[in-house]
Amino acid sequence: MGMSVTISAAAGQDAEQIFRLQYLCFQSEAALYGNYRIDPLVQTLDSVREEVAADCVFVARLGDEIVGSVRGRITEEGAAAIGKLCVHPRLQGHGIGARLLRAAESALADERGARTFRLHAGHRSESNLRLYSKVGYQRVGTSQGADGVPMIVLEKQAQAYATTA
């Protein structure tokens, strides 16, 4: 009998598993850019703990194992910044990333009043860009990450959530 993946809010005790999963998942992004100093790879465990405590963090679980996560917070402009979406490499392509995004969007809109969702994706991260486009995000600009990676900025209005959920 197989287990199904469940999505839930992260708890403090999940921080270490999120930290390890993030490190695993972002290796392919680092390789894509030839840059192993990208934020998800240099972030500290204490910083992940702080985000779990303060931000809107969701995890995907397969039994007791965390196999995906995403984080969101409200910025000074009132937009919801969504980031560090990751799914274990062996489970990618099964809709878990989209489910995590929907959970974060719902909580950020319903509980924190977000009207716009914003995220950044590396300009070479085609599979990520396809996912974001598929769930309603549109390219609105570019930026440069603190690590030097050129990023594409994508946004979606909160009212669009109902049509993609």
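## Pockets of the predicted model

Six elements each supply at least two residues of the lining of the largest pocket: α2 (27–33), α3 (39–42), β3 (65–74), β4 (80–87), β5 (116–122) and α6 (126–134). Helices (H or I, at least four residues) and strands (E, at least two) are DSSP runs, numbered from the N terminus.

This is a predicted model, in which local features need pLDDT of at least 70, side-chain atom pairs count only at pLDDT 80 or more, and totals for chains, interfaces and linings use all residues. Residues are numbered from 1 along each chain as its sequence is written, and side-chain values use heavy atoms, with hydrogens and water left out.

A pocket is an open set of points on a 1 Å grid over the protein atoms alone, where a 1.4 Å probe fits, with protein on both sides within 12 Å along at least five of seven lines; lining residues have an atom within 4 Å of a point. A volume is the space filled by probe spheres set on the points.

| Pocket | Volume | Lining by class |
|---|---|---|
| Largest | About 870 Å³ | 13 nonpolar, 7 polar, 9 charged residues |

Ala, Val, Leu, Ile, Met, Phe, Trp, Tyr, Cys and Pro count as nonpolar, Asp, Glu, Lys and Arg as charged, and the others, Gly among them, as polar.

The second largest pocket has 22 lining residues, with Gln92, Gly93, Ser127, Asn128 and Leu131 nearest its centre. α6 gives the most to this lining, 6 residues.
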